Amino acid sequence: MVQGRTLPYQQAQPVTSASIDTRSSRLLTVFVTGSPDRGGGECGPPAIRILTQETSAMVRLLVVDYQAPAQPGTACPAIGYTATPQPVHLRAPLAGRQLLDVATGKALAVVDGSTIPTVPRPPIPFTSSLLEQQPHEPVAVRSWTDQHGNAVRQMQLLSGPPSALTGHMSPYGRIALQFDVHGSAATLYADDGADGTSYEAQWTPNPQQTIRLELDSSPARHWTATQAINLTRSVTGYRSRGGPDALPPPITPGTSAATFSSAGGTVEHAPNLLKSSGVWVGLNCRGVGQVTVTLRGVTRTWTCSDHLSTHITKSIGKPDETFYLDVHATTGVRWALTLNRASLDGS
């Protein structure tokens with residue numbers, strides 16, 4: 001029953017994503033289109049009902065929805081509706097049980113919040129975070145919201161494999177500066193808009209994971225670069241190989257950098273970094289030995305010493321070429337590598 005109406009639910013709806021704070025919890029969050037206590041009119045999102053069936057090995061989840069048939073002459077706006085979080089209270093902790101989406105007949109991956117990076121102390125008055133899986137991408141997203149009147153300021157923390165946070169999901173904006181996050185090289189991007197400057201900070205603390213903090217300003221409340229850096233350094237819940245003596249990335253011409261460092265370990269055939277005919281390659285290194293970089297099938301080897309040295313070169317290839325990167329170094333040599341798109345004039 002929705003708003004006093006008994007509804008003939010019509011069809012099963014696939015679940016967009018599911019998350020849980022920890023697998024020892026009984027409270028599951030699923031992202032679906034519609035609401036259990038409103039909607040279902042001729043226009044707008046549907047009314048939904050969420051049903052569960054639990055066994056010792058599995059939780060079967062069924063979402064059914066209802067949309068009133070449109071009357072002749074009714075014109076609904078041609079817009080889609082965003083999936084929203086809905087709580088599902090289980091009889092027992094999820095633990096190691098599988099979650100099955102009855103609508104698709106497939107197992108549904110559950111994002112376990114205890115394994116995902118977080119901002120443990122978000123700025124006041126940001127609300128507690130939502131956790132979901134990015135549609136069609138192996139990327140977990142935490143979201144915090146600060147709403148004041150009609151203005152909304154948002155903070156998001158994305159984490160996933162390095163290859164998933166490049167390409168069409170690369171950071172947006174100009175490079176504001178490069179800094180250190182607990183031994184890993186990080187790049188801060190800035191985008192100056194009508195509502196103020198928004199920031200994105202991205203770093204790769206280990207070979208399996210890249211993390212990005214996105215800070216969107218609102219007309220009433222703006223972020224600063226200092227706040228962005230401090231919040232980035234406050235992120236917890238990830239494994240880092242870095243240390244206090246990690247090198248900063250080199251200042252390199254061009255835009256839209258991807259950064260790597262010895263804090264993240266050897267780079268092996270990393271794909272889909274940038275698509276550009278011209279790419280600047282910048283390397284900082286320290287320690288007696290060599291760093292070898294292979295890009296677009298071309299291998300370059302730089303000699304390093306006890307003193308910090310910087311090496312910059314340019315790689316030219318075909319427009320929109322997808323290329324791969326490998327970086328190997330002598331044991332004991334610390335390094336930080338930056339790849340930047342060359343500007344249209346080649347600089």
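Start with H311, which lies in strand β22, residues 309-316. A word on labels: helices (H or I, at least four residues) and strands (E, at least two) are DSSP runs, numbered from the N terminus. And a word on the source: this is a predicted model, where local features need pLDDT of at least 70, side-chain atom pairs count only at pLDDT 80 or more, and totals for chains, interfaces and linings use all residues. Residues are numbered from 1 along each chain as its sequence is written, and side-chain values use heavy atoms, with hydrogens and water left out.

Is H311 buried or exposed? Its relative accessible area is 17%, so H311 is buried. The cut-offs: buried means under 20% relative accessible area, exposed over 50%, partly exposed in between, with a 1.4 Å probe and protein chains only.

The side chain of H311 makes a polar contact of 3.3 Å with that of S309. By polar contact I mean a pair of N or O atoms within 3.5 Å; within protein, one must be able to donate a hydrogen and the other to accept it, and residues adjacent in sequence count only if both atoms are side-chain atoms. Which residues touch H311, once neighbours within four places in sequence are set aside? They are V281, G282, L283, C285, W302 and T303. Contact here means heavy atoms within 4.5 Å.

T303 takes us to the next piece. T303 in β21 is the bridge partner of Q290. Strand β20 (residues 289-295) and strand β21 (residues 298-304) pair in the antiparallel sense, over seven bridges. Two strands pair if DSSP finds at least two bridges between them. β20 and β21 form a hairpin with two residues between them. In that turn, R296 has a positive phi of about 55°.

Another positive phi: A95, at about 50°, although A95 is not a glycine. A95 is in the loop between β6 (84-89) and β7 (98-101). With a relative accessible area of 38%, A95 is partly exposed.

Next, β19 (residues 278-286) pairs with β24 in the antiparallel sense, over eight bridges. W280 stands opposite N340 in β24. How covered is β24, residues 334-341? Mostly: six of its eight residues are buried.

P248 makes contact with N284 and A336, again leaving aside neighbours within four places in sequence. P248 sits in the loop between α1 and β17. At 41% relative accessibility, P248 counts as partly exposed. From P248 to G183 is 8.6 Å, C-alpha to C-alpha, and 65 residues in sequence.

Now the rings. Phe, Tyr and Trp (its six-membered ring) pair if ring centres lie within 6.5 Å; planes under 30 degrees apart count as stacked, over 60 as edge-to-face and the rest as tilted. How many aromatic pairs does that give? Two.

One is F126 with W223: centres 5.7 Å apart, planes at 25°, so stacked. F126 is in the loop between β9 (110-112) and β10 (130-133), and W223 in the loop between β16 (209-216) and α1 (225-234), 97 residues apart. Both are buried: F126 at 9%, W223 at 5%.

The other is W203 with Y238: centres 6.0 Å apart and planes at 70°, so edge-to-face. W203 is in strand β15 (residues 196-206) and Y238 in the loop between α1 and β17 (255-261), so this pair ties together parts 35 residues apart in sequence. W203 and Y238 are buried too.

Back to W223. The charged end of R153 sits over its ring, 4.4 Å from the centre. That rule asks for NZ of Lys or CZ of Arg within 6 Å of the ring centre and within 35 degrees of the ring normal.

A cis peptide bond joins I124 and P125, with omega about 10°.

Then α1. Its buried residues are A228, I229, L231, T232 and S234. They pack against β12 (151-160), β13 (174-181), β14 (184-193), β15 and β16.

To finish, the whole protein. It has one helix and 24 strands. Of its 347 residues, 45% count as buried. Among contacts between residues at least 6 apart in sequence, 66% join residues at least 24 apart.
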